[in-house]
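Subject: Structure handover

Hello,

Here is the structure I said I would pass on. My notes on it follow below.

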Amino acid sequence: MAKSRIFVLVGGICKESLNQKLFEFFREEAEAAMEFDRFDIASLPFFSQDIENDPPSSVTDFKARAKSCDGVLIITPEYNRSFPGVLKNALDWGTRPYGQNLWSGKPAGLIGTSPGAIGTFGAQNHLRQVLSFLDLRTMSQPEFYFSFPKELEGGKLPPASLAFLKKYVEKFQEWIERH
Ligand SMILES: Cc1cc2nc3c(=O)[nH]c(=O)nc-3n(C[C@H](O)[C@H](O)[C@H](O)COP(=O)(O)O)c2cc1C
């Protein structure tokens, strides 16, 4: 069976991003069944209606790659109990010009990590409202909030976290196939 093609948006854009690390762990667990296309959302300009009809090549590339995927994986940090503006900017680009929302009907997964105790619950809670309006079919269960440990022994996730990640990947694959 062909692998599902998953478009990936990671809301953490710094070099040592914990959410980029989480994506690497996710990829390791999922790459037997899925092929990932991570888009560097920092390459997109700020959205403006002045340029939506004639956007730069980073935007046309973004749209072409997002349109051709079987599903979307969003990995969000938490900024002040919400999700980062740079992620909202990328999502907004995918909805314009008016009437050309490329997200509509696509299955999606939402995960995230922060060093904080609630592991991005605040961010995901806000983001779900937006994803619903975008008509993304975001998997509801299991939810995935992850408090990133201060240190990773041997560079690996703790066994319980890894087991949970495996379960999430399995459910996400089923979700993609069902749509
Ligand atoms: C502007 C800003 C606001 C933040 N707000 C929160 C927050 O509300 N909750 C939280 O758990 N962590 C918060 N943090 C800490 C981030 O979770 C932490 O910096 C994390 O590493 C960001 O994700 P990243 O490493 O993938 O970029 C905040 C960080 C920044 C820079």
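The buried residues of α3 have β1, α2 and α4 (121-133) as their packing partners. Please keep in mind throughout that this is a predicted model.

The buried residues of α3 are Leu87, Ala90, Leu91 and Trp93. They sit on the same side of α3, because the arc they cover around the axis is only 160°.

Helix α2 covers residues 57-67, and Val59, Phe62 and Ala66 are buried in it. Viewed along the axis of α2, these buried residues stay within an arc of 60°, so they line one face of the helix.

Helix α5 has 20 residues, which at 1.5 Å a residue should span 28 Å; the C-alpha atoms at its ends are 29 Å apart, in agreement with that. Leu165, Tyr168, Val169, Phe172 and Ile176 of α5 are buried. Since they cover an arc of only 105° around the axis, they lie on the same side of α5. The face turned away from this buried side carries exposed residues: Pro159, Ala160, Ala163, Lys166, Glu174 and Arg178. As for what the buried residues of α5 pack against, the elements are β1, α1, β3 (71-75) and β4.

One of those elements, α1, also forms a helix crossing with α5. The axes of α1 (residues 18-30) and α5 (residues 159-178) come within 10 Å and cross at roughly 65°. The crossing of the two helices is right-handed. On the α1 side the contact is made by Phe25, Phe26, Glu29 and Ala30, and on the α5 side by Leu165, Lys166 and Val169. By type, the residues of this contact are five nonpolar, no polar and two charged. Leu165 and Val169 are also among the buried residues of α5, while Lys166 is listed among the exposed ones.

Ile111

Ile111 belongs to strand β4 (residues 107-114). Ile111 counts as buried because it has 24 C-beta neighbours inside 10 Å, the cut-off for buried being 20 or more. Leaving out residues up to four places away in sequence, Ile111 touches Leu22, Ile75, Phe144 and Tyr168. Of these, Tyr168 is one of the buried residues of α5. Ile111 and Gln124 are 13 residues apart along the chain, and their C-alpha atoms are separated by 7.6 Å.

Gly12

Gly12 is in the loop between β1 and α1. Is Gly12 buried or exposed? With 24 other C-beta atoms within 10 Å, Gly12 is buried. Apart from its neighbours within four places in sequence, its contacts are Ser17, Leu18, Asn19, Gln20 and Pro77. Between Gly12 and Ser132 there are 120 residues of separation in sequence and 22 Å in space, C-alpha to C-alpha.

Backbone points to check

The bond from Arg96 to Pro97 is cis, with omega near -5°, and Pro97 is placed in the loop between α3 and β4. Gln141 and Pro142 are likewise joined by a cis peptide bond, with omega about 0°. Pro142 is in the loop between β5 (137-138) and β6 (145-147).

Asn80 has a phi of about 50° and is located in the loop between β3 and α3. Asn80 is exposed, having 8 other C-beta atoms within 10 Å. Asp135 has a phi near 70° and lies in the loop between α4 and β5. With 12 other C-beta atoms within 10 Å, Asp135 is exposed; the cut-off for exposed is 12 or fewer.

Regards

Definitions and conventions: Residues are numbered from 1 along each chain as its sequence is written. This is a predicted model: local features need pLDDT of at least 70, side-chain atom pairs count only at pLDDT 80 or more; totals for chains, interfaces and linings use all residues. Helices (H or I, at least four residues) and strands (E, at least two) are DSSP runs, numbered from the N terminus. The arc is that of the directions from the helix axis to the C-beta atoms. Two residues are in contact if their C-beta atoms, placed from the backbone, lie within 7 Å. Axes are lines fitted to C-alpha atoms, for helices over the stretch in contact, and angles run from 0 to 180 degrees between N-to-C directions. A crossing is left-handed if the near helix is turned anticlockwise from the far one by less than a right angle, and right-handed if clockwise. Ala, Val, Leu, Ile, Met, Phe, Trp, Tyr, Cys and Pro count as nonpolar, Asp, Glu, Lys and Arg as charged, and the others, Gly among them, as polar. The expected span of a helix is 1.5 Å times one less than its number of residues.
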